Amino acid sequence: LVRLRARLARSQNSLGKGLLTLLSREHLDEDTWEEIEDTLLTADVGVAPTQELVERLRERVKVLGTRTPEELRKLLREELVELVGKDLDRAVRTESDRETPGIVMVVGVNGTGKTTTTGKLARVLVADGRTVVLGAADTFRAAAADQLETWGERVGAHTVRGPEAGDPASVAFDAVKEGAEMGVDVVLIDTAGRLHTKTGLMDELGKVKRVVEKQAPVDEVLLVLDATTGQNGLVQARVFAEVVDITGIVLTKLDGTAKGGIVVAVQRELGVPVKLVGLGEGADDLAPFEPEAFVDALIG
Ligand code: GDP
C-alpha cells in the first residue's frame, strides 16, 4: 500500500504542487483564484465541482482571515476530501446473503483494463481467503478468455469459458451455475465492451445481466474507466449507465496521469462512488479508493 501511495503521489504531484504554489502566494487576488480554477480544470475535476470548491475555499479564507501557507493547505485538504466524498460507501459487494455466490459483473470499454481488473480483484479476494470462479464472457476479443484464464491459474481460480465468438450471456450463466455447484464465494464476470455499436452493446450487456439474474441477483456492477481518457471516459460512463445499473467505478491507469480529478467528475456524473483504483499493470496494483489518502497524495 505504501508503494502504491508513492506511485499515486508521483503521478498526482503536479496538480497538488500547482495548487499549493498558487495558494502560497502573498496575495490571493482574482488572477490567483482563476489560476487555481484552471489547475483543477486541467486535472479533469469538471466545471461545476471546480467552481464549488473555489467558492467555498474563498469564502472560508475570507471568513477565517487565513493567510499562512499551512492554514491554506489545511483548508484545501479539507475541501478536497469533501469534494471527493469522504462518507460514500466504497465497499465492493462480493458477499451475498444467499446460499449461492456473490456475483460481480465487470463492464467497460475494451482496453480500459477490464480483464486485468477482474484478475487483480480475484487475486485480492483469494488472498482474503475467498474462493472465486471467473466467467470469461468477453467472447468478442479473441485473447480475452485466454488472458482471464491465465489470471485464474495464477491466483487459483477456476475459469469458465465458452466457444470463441460464442454467446456471452450463456458463458455468464454457466459461470454462475458452476460457481454455485462448486460452492465458491464469488463469481466474477468479465464482459465485452464495444462502444461503436451502442445498440449491440446495450442488447448484449443487458442480456448478460438478465440471464444471470435468472439464477440470482447481481450484487455489484463495476464500471472500469481509464483515467487517462479524461472527458471521453465520462461519455463512456454515461452510455454504460444507460445500459446497466452501475454500482461502483474502477478507475484504472491512475499511475499514468495527473488527471486524478476525473474521480470527482465521474462520481458526479453517475452518482456512484469510485471503489477501486488501478495503479499499474502488476497483480498487486489494485487498491481500494481512499479519499483522504488520495488527497494527501495530491497535495503531499
Ligand atoms: P480490457 O480490454 O478492458 O479487458 O483491457 P485489459 O485488461 O486487457 O488491459 C489493457 C491494458 O491496460 C493492458 O496492457 C493492461 O496491462 C493495462 N492496464 C490495466 N490496468 C492498468 C493500470 O491500472 N495501470 C496501467 N499502467 N496499466 C493498466
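Guide: Let's start at K253: one of its polar backbone atoms is 3.0 Å from an oxygen atom of the ligand. That is a polar contact, meaning a pair of N or O atoms within 3.5 Å; within protein, one must be able to donate a hydrogen and the other to accept it, and residues adjacent in sequence count only if both atoms are side-chain atoms. Bear in mind that this is a predicted model, where local features need pLDDT of at least 70 and side-chain atom pairs count only at pLDDT 80 or more, while totals for chains, interfaces and linings use all residues. Residues are numbered from 1 along each chain as its sequence is written, and side-chain values use heavy atoms, with hydrogens and water left out.

T116 places a polar side-chain atom 2.5 Å from a ligand oxygen, and E281 has a side-chain N or O atom 2.6 Å from an oxygen atom of the ligand. The protein covers 81% of the 580 Å² of accessible area that the ligand has on its own (Shrake-Rupley method, 1.4 Å probe; for residues, only the protein chains shown count as cover). There are 18 residues around the ligand, and G111, K114, T115, T116 and E281 come nearest; a residue is near if one of its heavy atoms lies within 4 Å. By type, the shell has 10 polar, six charged and two nonpolar residues. Here Ala, Val, Leu, Ile, Met, Phe, Trp, Tyr, Cys and Pro are nonpolar, Asp, Glu, Lys and Arg charged, and the others, Gly among them, polar. Helix α5, residues 114-127, gives the most to this shell, with four residues.

On to E220, in strand β5 (residues 220-226). Helices (H or I, at least four residues) and strands (E, at least two) are DSSP runs, numbered from the N terminus. E220 counts as buried because its relative accessibility is 0%; buried means under 20% relative accessible area, exposed over 50%, and partly exposed in between (1.4 Å probe, protein chains only). A polar atom of its side chain lies 2.5 Å from the backbone nitrogen of R93, and the E220 side chain also makes a polar contact with that of K275, at 2.9 Å. Leaving out residues up to four places away in sequence, E220 touches, among others, V92, I103, M105, T247 and G248, where contact means heavy atoms within 4.5 Å.

T39 and L19 are 20 residues apart in sequence, with 6.9 Å between their C-alpha atoms. Helix α11 (291-299) is mostly covered, with seven of its nine residues buried, including F294 and L298.

Zooming out, the chain has 11 helices and eight strands, and 54% of its 300 residues are buried. Among contacts between residues at least 6 apart in sequence, 76% join residues at least 24 apart. The C-alpha atoms fill a box of roughly 65 × 40 × 35 Å along the principal axes.
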